[in-house]
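User: I'd like to talk through a few local details of this model before I set anything up. Can you take my questions one at a time?

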Amino acid sequence: MGARGQRVKWWGDLCFIFILCSVHRASSQVKYSIPEEVKVGTVVGNVAKDLGLDVTSLNDRKFRIVSGTKDVPFEVNQDSGNLYVLQKIDREALCQGNGACIMELKIIAENPLEIHYVVVEISDVNDHTPTFPEKEQRFEIGEQTLPGRRFQLHSARDPDTGINSIRTYTLTANEHFDIDIRQSDEDKIPFLVLKKSLDREKRSRHILIVTAIDGGKPAKSGTLNVSITVLDSNDNRPIFSQEIYQIEVQENVPVGTSIFKLNASDPDEGSNGEIEYNLGKTQKKKVYELFELDKVSGEIRVKGRLDYEENDVHKLDIEASDKGQPPLTGECRIIIKIKDVNDNQPEIEVTSLSNPVSENSKPGTMISLISLKDKDAGVNGKIISSIISNVPFELKPSYKENIYSVVTKGFLDRERVSYYDITIQATDCGEPPLSTYKTLSIQIADINDNSPQFPENPLHIYLPENNAAGKSIFSVSATDKDMDANAAITYHLGGQVGRNYIISLLNVNSADGHITAMKSFDFETLKTFQFQVVATDSGTPSLSNNVTVNVFILDQNDNAPVILYPLSSNGSAEGVEEIPRNVNAGHLVTKVRAYDADIGYNGWLLFSLQEVTDHSLFGLDRYTGQIRTLRSFTETDEAEHKLVILVKDNGNVSLSATATVIVKLVEPKEAFAASDVKNVAKIDDDDNLTFYLMITLGAVSVLFLISIIVLIAMQCSKSTDYTSKYLQETNYDGTLCHSIQYRSGDKRYMLVGPRMSIGSTIVPGSHANTLVLPDRRNTSEESL
């Protein structure tokens, strides 16, 4: 059996004992007392016995309830007379009151018929909980209400009676309210009492719990939720969280950007707590131009363009007013610090500039002073400068920040670079960095540091002889890298006129360098000479340079061949040769000798037969002038033959001379006798001829030695390149220098100039002055 079953059994036994003990005997009625929680079926009492009826005839008697309270929860056993509980008893429903709950029953007993009365008192038990008519009760109390004010609460109801009814009310602990109970008849009426003033701003609503407690054991209770709304009064002014706000705004913030939102608070509610924001009336005019304030939201927006460089701090006084009557006002100040952004390029200012700059300026010479500045601040205004062009200049910082001097870092040369564009770059350290460029155009001033220069030194001039006197034969030209007066050149002849008579024959134009020959030159008299031309500029001090001019006179064909043999007489050359009639073919009859003062082709002589009596008898070597027999003589051949020989040079317009040789044929004896006489005469003739040849060769040798000495002197005094240059003129178009020919061994030699004939050979060591001609004669022939 469970705990509940044990409790039910215990209550049944207890009720049964209570009923037995509560029976009142009477003649006509009996009274019972039972608790309302008695169980259905519980016997309240035996009516027959309790009424004192005759039990002997009990079996014949019948009992029944005929009247009483409606819906009687009891029944009587008609045979035994036991009164028992028919249904669950609800005392509060049966009695509907707080007094004693008594039920009077009318019972009829038969055999004999009797009417008896049974009174049943139902005693109360604490089976109901106190309840309030509503779960929640609401109050609205102004925060200005004074302490002591009372507010009636709902009263609780408890169907139980007596001690089981409501005994007291309690209230949850709080600092503002207390509970007071007023007794009215049997009812207790609770009141809510304000013991401390309310503050809506601290607590706008209070939730309290009122508890009604009955007197049962154990006691039962019911609760009432009390909600108190505190009504506002305008007793608080708007308050900002700070008296002074500091914010930072970048200067490039766009117009219309919200930079701050005010949030003042007012503990009041309704119109008392509605806040309106306004700018103070004593602001600077610039503040109203740069900022605007939304009255409702308290949002501050940028109205104009901010500029850190113009003003880096703005102060705004703000008022916040509620809409109470009268309105209350709160104040604050907003300090807006403008944050610099890199929106300004560096500036380069040229404080001083020296222009032009002399090219002899030493390294480190200052040419310009510049100053840099940047309107930005911090790293945005920190400037790094440099020269970005490749120039011989550099920046030197001065004792003061952002002041620099532009100085030379190397030597200048106007002739190499006459001006410079110095590009200076200034870059700040912002992000991103901004740069500025400044270009200084510097002209380099000339000094007279360059002497006139000739394009070639020495100069070689080849001048044909017989030039026209008084006409320009050539010109010299020098250049000077300097400019203006430092490059203005004048010319004059160098050397001492008294020691070099050649110079007296020349004249130079001081302005253009044209050289004029005052006389006509003759190759046969003068083959080469040398002089100097000096070029002087007009600088201060002036500089000069000279050039050596080597003049080579070129031969022209202005000399006709001269017959050396046969000897000339009365303007004609004629000789007689006697030969034996019995000579064989190839016999040397004689040799025509000739000389031409010209050289080269002009002096290259060719021999030819102009007239001959018998072409079959005699032959003439065109190169050597030898006359030989072509065959043996016969008896029929004439005794005397005439040969006219034409000697012609190889000039463009050739010149010539003629010689006549008379050949007489004699008998051998006569020829032998005559040969002795002729040998004597021939010896004399040969002596004369040898004398002329010695004079000629001596003159040529002297000229050759003079030329060698001049060349050696030029090499020693000037440059070793002179000889080499002279030798390297392989393409020079000149003429032969002399026509004197002589034989040594199996070669013939001729003094020549730079131009050589085809087939000629240079003798080593001759400095191109000797031409070797191949010998076109037989080696057995005699030589001159």
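Predicted model: local features only at pLDDT ≥ 70, side-chain atom pairs only at ≥ 80, totals over all residues.

User: Okay, which backbone nitrogens does the side chain of D322 reach?

Analyst: The D322 side chain reaches the backbone nitrogen of G324 at 3.3 Å, and that of L328 at 2.7 Å. D322 itself lies in strand β20, which covers residues 313–322.

User: Is D322 buried or exposed, and what is the nearest side chain of opposite charge?

Analyst: D322 is buried and yet has no salt bridge, the nearest side chain of opposite charge being R237, at 7.9 Å.

User: Switching topic: what's the strand order in the sheet with β40?

Analyst: That open sheet has three strands in the order β40-β44-β43, and the pairing is antiparallel. Strands β40 (588–591) and β43 (618–620) each have a single partner strand and stand at the edges, so one side of each has no neighbour in the sheet. From one strand to the next, the twist averages 20°.

User: And how many bridges join β40 to β44?

Analyst: Three bridges join β40 to β44 (residues 626–629), with the two strands running antiparallel, and K591 has Q626 of β44 as its bridge partner.

User: Last one: how many disulfides does the structure hold?

Analyst: The structure holds zero disulfides. As for cysteines, C332 is buried at a relative accessible area of 6%, whereas C429 is partly exposed at 32%.

Terms used:
Residues numbered from 1 in each chain as written. Heavy atoms only, no water. Pairing = 2+ DSSP bridges. Helix = DSSP H or I, 4+ residues; strand = E, 2+ residues; numbered from the N terminus. Axes fitted to C-alpha atoms, helices over the stretch in contact; angles between N-to-C directions. Disulfide = S-S within 2.5 Å. Buried < 20%, exposed > 50% of the residue type's maximum accessible area, 1.4 Å probe, protein only. Lys, Arg positive; Asp, Glu negative; His and termini not counted. Salt bridge = Lys/Arg side-chain N within 4 Å of Asp/Glu carboxyl O. Polar contact = N/O pair within 3.5 Å; in protein donor to acceptor, adjacent residues only side chain to side chain.
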